[in-house]
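Welcome to this short tour. Open your viewer, keep the selection tool handy, and follow the stops below.

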Amino acid sequence: MRAIDMHTTMAHPTRALAEADRLMVICNSCRYCEGLCAVFPAMERRNLFKDGDLNFLANLCHGCGACYADCQFSPPHEFDVNVPRTLARVRGESYQTYAWPGALSGLFARNGLAISLIAAFSVAAFLLGFFIWADPSVLTGTHVGPGAFYRLMPHNVMALLFGGVFVYAILALTMSMRAFWRDIAGNTPAGGIGAFLQAVKDAGSLRYLDGGGAGCMNDDDKPTDRRKHYHHATFYGFLLCLASTTVATLYHYFLGREAPYPWWDLPVVFGTLGGIGLIVGPVGLLVAKFKRAPELLDETKSGMDVAFIVMLLLTSVTGLALLVLRATPAMGVLLAVHLGVVFALFLTMPYGKFVHGLFRFLALVQHARESRGDH
Amino acid sequence: MVDLEKQYDVLVVGGGNAALCAAIAARRDGASVLVLEGAPKFYRGGNTRHTRNIRCAHDAATETLTGPYSEEELFDDLLRVTGGKTDEPLAKHMIRESKEVLVWLQEQGVRYQRSLGGTLTLGRTNAFFLGGGRAMLNALYDTAEELGIDILYDAPATAVTIENGMFLSATVTHESKPHQVRARTLVAAAGGFESNIEWLKEYWGDAAENFLIRGTPYNRGSVLKMLHNAGVQETGDPTQCHAVAIDARAPKYDGGIITRLDCVVFGVVVNKHAQRFYDEGEDIWPKRYAIWGRLVAQQPDQIAYIIFDASSLRLFMPSLFPPITAGSIRDLAGKLGLDADALEKTIGDFNAGVRPGTFNHADLDDCRTEGVTPPKTHWARRIEQAPFYAYPVRPGITFTYLGVRVNLESRMLMADGKPAANMFAAGEIMAGNVLTKGYAAGIGMMIGSVSGRIAGRGAAKNARN
Ligand SMILES: Cc1cc2nc3c(=O)[nH]c(=O)nc-3n(C[C@H](O)[C@H](O)[C@H](O)COP(=O)(O)OP(=O)(O)OC[C@H]3O[C@@H](n4cnc5c(N)ncnc54)[C@H](O)[C@@H]3O)c2cc1C
Ligand code: SF4
Ligand code: SF4
């Protein structure tokens, strides 16, 4: 009997899900990898693998690759076991499955990078047009001091535009998280705040991206921790940028202090550090991705992954350029481009790789809840 | 770079646990080492790829072991499984060394994990490899490469030149060409002959055609045979092998751990004539596990069927293939190609003989039959709750026990009783010295690591003199 004819526990709508079911049956009979990460203990709690179970396991997987290098049945063995790639495929599909509104999901899946870039440039062009329409001389002039940006575009217009897209992103993300959670949480008794905190810790430290202690597999089967560090730079860089924007908003509305702020002020410090993180991290991740052993990757999703990483990178590059050149005539154009990129980033967030962080977090919460039952 | 022209200090033939431990130990003692692995790179490491744990003595609980396991206790366990037939001085020597090996392996990059679901009974005695045997091997290979050990894959040794107990050279076939490799010493660590069906047939007759080989297809015993032909003493019973009942639908080779079935105790086992043939409730795991391979091998066409009902389905570890399912015993017989009347009668007779008792599958309970032949002495429960299930099973050969005789240094002994001048053996190829029959989980890897390390050190020393 060929590997491909082997057993799944039930029928599934996609090939990736069926393959994941087949692999989970194999792994459940083997269990050699149970010390590597959360996926295997979570799998052992199950006999049947419903779509929701597989989406849960897939989002619990950090793609470290350890279970591929360690598997005695990985190809060319006839059982053809490739857990990292299969779960990456399921994970990629799960972002679409639970996307809100559903109609938009496929669009981004197919040409994520192109759509993100087009969105960024259209918005940038629109803003430039807006600036010029409002006052052509403003664009080429040099502006310094509080309120300099708002000479190009009134703060309220900016807030409306970006507040709007931000609220939309939050709404869409919330809806898809809700759908995902409903599917994976099942009837597990609530784990309370403990499970939540455990998940915060596991996610914050990327606990499971280390192959059970050996480190993550990158370009070959020799483990290192590089991806983990780049991911930390990206994630914490992103949080710092978010903090920067939040503080700036608070300054604006509650203290009446207007951007741009001096270099030592919180929004700039957060933004600069975050921006650096968002350059080092994504560049590292991109390089790692291209160097990575191809058999570990889900090649169909790389467009989406790349789109998100590139948009993050562009956000930080344009943001830092704006910081450095804000007192020069280039400021107008840079502001338009930066805002365009940020706008596109938020717009595409609910449909791309960004979702992985939220789903992974929910999966970790669920794992923590289930683990409590083990003791 | 591998230089087949050069004379190495130590030539290691084989690429599993024993071979790598020998190579690393020899290299750490300053020897130049060449490893010849007969298999392609992916399949490197023979049966070691399929292992999960190692049984070593240790004085105290560790991070990964729940309690101490003394040398005496391990020796007693060995005596128990072999029925007292072991080379006692060698066994005791190896068990003493096993204590160090547990830590030594960690120093070579091997990682252990706590034993988790389904294996807790071994948590005190056995160290479990994090990620399993292939992860363990990957670590050893990485270390070997870092130390500058030369490794050639796809390079089976096809002949050896041995004069009066002195190894001179080996012929290796690489990229379809034969090469002569010279070395000052030899460590033979090429496993048993379990994947050589022709050879198995010498002892089992045509029945061996129906055996499934659980591990690597590359352990064909060629090195073992060469050594015997060159006058090295044999050890171990050639008819002995570790055989368990595995799913008959498993591939011929290399199906590994996931095709095992451990549900014999939950039902009855019938042969192709729908007749029971042995007490399914005789003993607890792992003893019963290791006898069912032989029992099935003795049945016509080497096939049998484990039959149980809905009440037992979730009581044992899942396995690769789903059970064959039917709503009635009659339909089940149809699906299995068995005589329906005969199967109904066998199950009916069995059910009629079941006495009331308190079922406890973790212990020898009091659920048994009366007036049925053969009896089922524990865990006997009526098979009556539809749906009914069956797993077809065949003998799955894990490894063979025939090997070469060695002394305490793991140095081969020649037919005349004299130690070989420069030849050592490690792992399965010499396991028969201490493991004459029976099996205790994790002992194969212990023998491999310990004998490998001893042989490697001895070979390095021998090469210097
Ligand atoms: C499914 C399964 C599970 C097991 N689980 C365990 C376990 O959990 N714990 C345990 O202790 N034991 C276990 N065993 C037994 C264990 O695998 C063996 O005891 C152990 O691997 C023996 O080690 P070795 O190095 O002697 O042989 P192997 O690991 O089999 O290595 C033999 C090597 O020799 C090579 N070779 C063969 N012929 C030639 C040639 N002519 N030239 C060059 N190279 C050659 C092979 O390619 C292979 O690399 C298991 C076995 C199987 C099949
Ligand atoms: S990935 Fe391979 S080794 Fe790991 S649990 Fe699954 S089948 Fe076993
Ligand atoms: S996190 Fe790593 S070890 Fe776990 S399933 Fe994913 S790739 Fe395998």
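Side chains of opposite charge can pair when their charged atoms come close. For one of them, select D9(B) and R184(B), whose closest N and O atoms are 2.5 Å apart. Because D9(B) sits in strand β1 (residues 8-13) of chain B and R184(B) in strand β9 (residues 177-188) of chain B, the pair ties together parts that are 175 residues apart in sequence. Helices (H or I, at least four residues) and strands (E, at least two) are DSSP runs, numbered from the N terminus.

**Before you go further**

This is a predicted model, in which local features need pLDDT of at least 70 and side-chain atom pairs count only at pLDDT 80 or more, while totals for chains, interfaces and linings use all residues. Residues are numbered from 1 along each chain as its sequence is written, chains are lettered from A and ligands numbered from 1 in the order in which they are written, and side-chain values use heavy atoms, with hydrogens and water left out.

Now colour by pLDDT, the predictor's confidence in each residue, from 0 to 100. Chain B has a mean of 94, with 98% of its residues at 70 or more; chain A averages 84, with 89% scoring at least 70. The model as a whole scores ipTM 0.94 and pTM 0.92.

**Where the chains meet**

Show chain A and chain B together. The contact (heavy atoms within 4.5 Å) takes 33 residues from chain A and 36 from chain B. About 2800 Å² is buried between them, with carbon and sulfur atoms giving 57%; buried area is the accessible area (1.4 Å probe) that two parts lose on being put together, summed over both. Select S29(A), Y32(A) and E34(A): in chain A they lose the most area to chain B, together 24% of what that side buries.

Stay with E34(A). Which residue does its side chain meet in a salt bridge? The partner is R52(B), at 2.9 Å from N to O, and this interface has 1 salt bridge by the rule. Next, show helix α1(A), which gives the most to the side of chain A that touches chain B, with 5 residues.

**Two ligand stops**

Select ligand 1, which 41 residues surround (a heavy atom within 4 Å); the closest are E37(B), T48(B), N219(B), E428(B) and M445(B). From N219(B), a side-chain N or O atom is 2.8 Å from an oxygen atom of ligand 1.

Move on to ligand 3. Its surroundings include C37(A), C61(A), H62(A), C64(A) and C67(A). Helices α2 (39-44) and α5 (83-97) of chain A each supply at least two residues of this shell.

**Backbone details**

P75(A) and P76(A) are joined by a cis peptide bond, omega about 15°, and P76(A) is in the loop between α4 and α5 of chain A. In chain B, the peptide bond from A386(B) to P387(B) is also cis, with omega near -5°. Last, select N164(B), which has a positive phi of about 50° although it is not a glycine; look for N164(B) in the loop between β7 (157-163) and β8 (166-174) of chain B.

Definitions and conventions:
Salt bridge = Lys/Arg side-chain N within 4 Å of Asp/Glu carboxyl O. Polar contact = N/O pair within 3.5 Å; in protein donor to acceptor, adjacent residues only side chain to side chain.
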